[in-house]
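Subject: Structure handover

Hello,

Here is the structure I said I would pass on. My notes on it follow below.

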Amino acid sequence: MADITATEAARSLSRVLDAVEHHGELFTVRRHGRAVARIVPLSSGSAER
């Protein structure tokens, strides 16, 4: 699982989503050094909201 800052996530969201979708990568988004979110692939068959 890679750590990225909120700023980095915002600036490179398309790249991050491609990595998640195509390579199954996981990201922890940090703001001011604190983990605030995770970006993870949805498993197939997951209910969408």
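Which residue in β2 does Thr 5 stand opposite? Thr 5 stands opposite Arg 30.

First, the basis. This is a predicted model, in which local features need pLDDT of at least 70 and side-chain atom pairs count only at pLDDT 80 or more, while totals for chains, interfaces and linings use all residues. Residues are numbered from 1 along each chain as its sequence is written, and side-chain values use heavy atoms, with hydrogens and water left out.

Overall

The protein chain has two helices and three strands; helices (H or I, at least four residues) and strands (E, at least two) are DSSP runs, numbered from the N terminus. Their order from the N terminus is β-α-α-β-β. Of the 49 residues in the protein chain, 20% are buried (buried is under 20% relative accessible area, exposed over 50%, partly exposed in between, with a 1.4 Å probe and protein chains only). The accessible surface of the chain is about 4000 Å², and carbon and sulfur atoms hold 49% of that (Shrake-Rupley method, 1.4 Å probe; for residues, only the protein chains shown count as cover).

Strands

Strands count as paired if DSSP finds at least two bridges between them. Strand β1 (residues 2–5) runs parallel to strand β2 (residues 27–31), with four bridges joining them. On its pairing with strand β3 (residues 34–39), β2 is antiparallel, over five bridges. There Phe 27 stands opposite Ile 39. The hairpin of β2 and β3 has two residues between the strands, and His 32 takes a positive phi near 55° in it.

Thr 28 is in strand β2. It counts as buried because its relative accessible area is 5%. Beyond its neighbours within four places in sequence, Thr 28 is in contact (heavy atoms within 4.5 Å) with residues including Met 1, Ile 4 and Ala 37.

Outside the strands

Leu 26 lies in the loop between α2 and β2. With a relative accessible area of 35%, Leu 26 is partly exposed.

Glu 21 belongs to helix α2 (residues 13–23). Is Glu 21 buried or exposed? Its relative accessibility is 61%, so Glu 21 counts as exposed. Glu 21 and Pro 41 are 20 residues apart along the chain, and their C-alpha atoms are separated by 6.1 Å.

Regards
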